[in-house]
Amino acid sequence: MRVLGIESSCDETGIALYDTEQGLLAHALYSQIELHAEYGGVVPELASRDHIRKTLPLIDEVLREANCTRVDIDAVAYTAGPGLVGALLVGAAIGRSLAWALDIPALAINHMEGHLLSPLLEDNAPDFPFVSLLVSGGHTLLVDVQGVGQYEVLGESIDDAVGEAFDKTAKMLGLSYPGGPILAKLAEQGTIDKYTFPRPMTNRPGLDFSFSGLKTFAMNTWRDSGQTPQDQADVALAFQTAAVETLAIKCKRALKQTGHRRLVVAGGVSANIALRQRLDAMPHIDCYYPQQAFCSDNGAMIAFAGAMRTAEMVKGDKPSFAARPRWPLDELTTP
Ligand code: KG4
Ligand code: ZN
């Protein structure tokens, strides 16, 4: 079965074709970074309009690359939430219309489930059960994963997501958008132990996160420094070290609580090398990540999540659809 995946929840249009027998056939991504850069963050209305421009040409590109035509598509999987409502509606409208016109099933996919399952696209895919650490621009989640659709959220951020804290700290340091990867690069020039930032919420039990105080700590440290390029790198390193250490402490706790030995990390921040090095160093734990191209938003993870849920696909479903700006993972059902 060939599943077309459509991702349009934020500032990336991602399209992919996944074959349940042969694996990923083709994928394409268009990033709107340049469009939003001058505003220092995503402008939702501009994002929606750009998804309208890019989705159909990208679908054609992916089909060409896979040596297929539209009639070779057996099902459509599209991101229905969480995300920006206008952006989601573009992917949902195109996905549903295409499925209706081709008389094939369409399925609404949860974006965070897409991230959660993305490491399973790799050759050395983890077996269930595992603990999943989901670290993106909108979410920080620890999830006990027993199988596809069997998710128990163990902890989440009570304020800023970790990616959001990276981006806001980067912006405050005068770095361009999106700041996370730029801050990570700058941290390589930082002086180790020049500053030590707090590890929020690690000195009390529980698996929730809070990153907004860390961002404020970075802001105050930067304000009181000489604001030289070296100070900028030192603050970046101290922030990244504290964020990574906090995530690692909570992962260790979640692994102990569940008794699992496998840790699966996904979402934009899973591209962070310091995070990977810190987690890989944990004894007796096997860590799994998506390839770099599939850490951030992409169509492959949505096509794959659709392929894992083919049992739920109903042909001839009515062509109506909804977007869900908020959609908790533990509301999903087992396929
Ligand atoms: O998963 P994603 O592409 O989009 C959402 O679903 O939110 O995650 C984007 C987030 C942004 O906050 C971005 O700055 C962050 O991931 N990010 C990074 C790195 N690469 C992307 N943060 C830290 N280090 C990185 N290397
Ligand atoms: Zn995402």
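Q: What separates the centres of domain 1 and domain 2, and which residues belong to each domain?
A: In this predicted model, the centres of the two domains, taken over C-alpha atoms, are 27 Å apart. Domain 1 is made of 2-116 + 295-331, while domain 2 covers 128-289. The contact between them takes 18 residues from domain 1 and 22 residues from domain 2.

Q: What makes Leu116, Tyr151 and Leu329 stand out in the largest nonpolar core?
A: Among the 57 residues of that core, these three touch the most other members. Helix α10 (residues 299-308) gives the core its largest share, seven residues, and at least three residues come from each of domain 1 and domain 2. Apart from this core lies another one, of 44 residues, including Ala165 and Leu175.

Q: Which residues is Leu329 in contact with, leaving aside its neighbours within four places in sequence?
A: Leu329 is in contact with Asn110, Met112, Glu113, Leu116, Leu134, Leu141, Val143, Tyr151 and Val153. Leu116 and Tyr151, both named in that list, are also named with Leu329 as the residues that touch the most other members of the largest nonpolar core.

Q: Why is Phe211 called buried?
A: A residue is called buried when its relative accessible area is under 20%, and Phe211 has a relative accessibility of 0%, so Phe211 counts as buried. Phe211 is found in the loop between α6 (179-187) and α7 (212-224). Not counting residues up to four places away in sequence, Phe211 touches Thr140, Ser157, Asp159, Asp160, Ala161, Val162, Ala165, Ala243, Thr246 and Leu247.

Q: Why does Val85 count as partly exposed, and which residues make a nonpolar surface patch with it?
A: Partly exposed lies between the buried limit of under 20% and the exposed limit of over 50%, and the relative accessibility of Val85 is 43%, so Val85 counts as partly exposed. Val85 lies in helix α3 (residues 85-102), and together with Leu89 and Phe321 it makes a nonpolar surface patch of about 230 Å².

Q: How do you know that Asp60 and Arg70 meet in a salt bridge?
A: The cut-off for a salt bridge is a nitrogen to oxygen distance within 4 Å, and the side chains of Asp60 and Arg70 meet at 3.3 Å, N to O. Because Asp60 lies in helix α2 (residues 44-65) and Arg70 in the loop between α2 and β4 (75-81), the pair ties together parts that are ten residues apart in sequence. Asp60 counts as partly exposed at 31% relative accessibility, and Arg70 is partly exposed as well, at 34%.

Q: Why are Glu188 and Lys185 called exposed?
A: Exposed means over 50% relative accessible area; Glu188 has 55%, so Glu188 is exposed, and Lys185 has 53%, so Lys185 is exposed. Glu188 forms a salt bridge with Lys185, in which the closest N and O atoms are 3.1 Å apart.

Q: What makes the pair of Glu245 and Arg278 a link between distant parts of the chain?
A: The closest N and O atoms of Glu245 and Arg278 are 2.9 Å apart, and a salt bridge needs them within 4 Å. Glu245 lies in helix α8 (residues 229-258) and Arg278 in helix α9 (residues 273-280), 33 residues apart, and the pair links these distant parts. Elsewhere, salt bridges that share partners join Asp160, Glu164, Lys168 and Lys215 into one network, and the structure holds 17 salt bridges.

Key: Residues are numbered from 1 along each chain as its sequence is written. Chains are lettered from A and ligands numbered from 1 in the order in which they are written. This is a predicted model: local features need pLDDT of at least 70, side-chain atom pairs count only at pLDDT 80 or more; totals for chains, interfaces and linings use all residues. Side-chain values use heavy atoms; hydrogens and water are left out. Patches are made of residues with over 30% relative accessible area and no salt bridge: like charges are joined within 9 Å, nonpolar side chains (Val, Leu, Ile, Met, Phe, Trp, Tyr) within 5 Å. Accessible areas come from the Shrake-Rupley method with a 1.4 Å probe; for residues, only the protein chains shown count as cover. Helices (H or I, at least four residues) and strands (E, at least two) are DSSP runs, numbered from the N terminus. Buried means under 20% relative accessible area, exposed over 50%, partly exposed in between (1.4 Å probe, protein chains only). A nonpolar core is a set of buried Ala, Val, Leu, Ile, Met, Phe, Trp, Tyr and Cys residues joined through side-chain atoms within 4.5 Å. Domain bounds come from an automatic or database domain assignment. Contact means heavy atoms within 4.5 Å.
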